[in-house]
Amino acid sequence: MNVENCRKCGRIYNYISGQHICPQCKQALEEDFAKAKEFIRSNPNCSVAAVAEACEIEVGQIRQWLREERLVFGSLEGSDLTCEGCGAKILSGRFCEKCKSNVAKGLGDSIAKPETPKPESKKQVDGNKMRFLK
Ligand SMILES: [Zn+2]
Ligand SMILES: [Zn+2]
């Protein structure tokens, strides 16, 4: 168990998983999320900024939910999210349907791989172990 300071309110709490915020802030965030979702449902053409203003949520937070595909925009008009592959407008996530299927086929390798730190990399100083990773 890791004791950490909450990134939002600074309170000390036991970090378990997910975002680095305390249970109280997590709870508040869930309520914000429900508000945003509801607002988008009744205002499908709204923009990210409009949701942020109406629900008093940070734009960055809303973007994060969209990227995580927890929130989905009702129409492309309001969405200012763009595909990381081709720049087309998208409703949520990181890629448009076309790029997603390219990724699924393995054609989009160069754009699809998020940088994932390898936890074992420290042990591979001698280089010999690299052979077993293939
Ligand atoms: Zn907190
Ligand atoms: Zn695309």
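**Entry 1: starting at Cys83.** I began by looking up what cysteine 83 touches, skipping neighbours within four places in sequence, and found Ala88, Ile90, Arg94, Phe95, Cys96 and Cys99. A reminder to myself: this is a predicted model. Where does cysteine 83 sit in the chain? I found cysteine 83 in the loop between β3 and β4. Is cysteine 83 buried or exposed? With a relative accessible area of 4%, cysteine 83 counts as buried, because buried means under 20%.

Entry 2: Next I checked the geometry. For four tetrahedral donors, the ideal angle is 109.5 degrees. One pair links distant parts of the chain: cysteine 86 is in the loop between β3 (81–82) and β4 (89–90), and cysteine 96 is in the loop between β4 and α4 (97–105), ten residues apart.

I compared accessibility for that pair. Cysteine 96 is buried at 10% relative accessible area, while cysteine 86 is partly exposed at 43%.

**Entry 3: the other zinc ion.** Then I went back towards the start of the chain. The zinc ion (ligand 1) is coordinated by the SG atoms of Cys6, Cys9, Cys22 and Cys25, at 2.2 to 2.3 Å. What is the geometry of the site of the zinc ion (ligand 1)? I wrote down tetrahedral, with angles of 105 to 114° among the four donor atoms. The spacing of the donors here is C-x2-C-x12-C-x2-C. Again a pair joins distant parts of the chain: cysteine 9 lies in the loop between β1 (2–5) and β2 (12–15), and cysteine 25 lies in helix α1 (residues 23–42), 16 residues apart.

Cysteine 6 has a relative accessible area of 4% and is buried. Cysteine 25 is buried as well, at 11%. Cysteine 9, at 40%, is partly exposed, because that value falls between the 20% and 50% cut-offs.

**Entry 4: the whole chain.** Time to zoom out. I counted five helices and four strands. Their order from the N terminus is β-β-α-α-α-β-β-α-α. The chain has 134 residues, and 28% of them count as buried. I also looked at contacts between residues at least 6 apart in sequence: 25% of these join residues at least 24 apart.

**Entry 5: the nonpolar core.** Which residues have the most contacts inside the largest nonpolar core? My list reads Val51, Ile62, Trp65, Leu66 and Leu71, in a core of 27 residues. At least two residues come from each of β2, α1, α2 (48–55) and α3 (59–67). The element that gives the most is α1, with five residues. Domain 1 (1–79) and domain 2 (81–113) each supply at least three residues to this core.

Beyond its neighbours within four places in sequence, leucine 66 contacts Val48, Leu71, Val72, Phe73, Leu81, Leu91, Ser92 and Gly93.

Entry 6: Glutamate 56 is exposed, because its 71% relative accessibility is over 50%. Glutamate 69 has a positive phi too, near 65°. Its place is in the loop between α3 and β3. At 43% relative accessibility, glutamate 69 counts as partly exposed.

Key:
Residues are numbered from 1 along each chain as its sequence is written. Chains are lettered from A and ligands numbered from 1 in the order in which they are written. This is a predicted model: local features need pLDDT of at least 70, side-chain atom pairs count only at pLDDT 80 or more; totals for chains, interfaces and linings use all residues. Side-chain values use heavy atoms; hydrogens and water are left out. Donors are N, O and S atoms within 2.8 Å of the metal (3.2 Å for Na, K and Ca); water is not among the atoms, so sites may look incomplete. Four donors count as tetrahedral if all angles lie between 85 and 135 degrees; four count as square planar and six as octahedral if opposite donors are over 155 degrees apart and all others between 65 and 115; anything else is irregular. Buried means under 20% relative accessible area, exposed over 50%, partly exposed in between (1.4 Å probe, protein chains only). A nonpolar core is a set of buried Ala, Val, Leu, Ile, Met, Phe, Trp, Tyr and Cys residues joined through side-chain atoms within 4.5 Å. Domain bounds come from an automatic or database domain assignment. Contact means heavy atoms within 4.5 Å.
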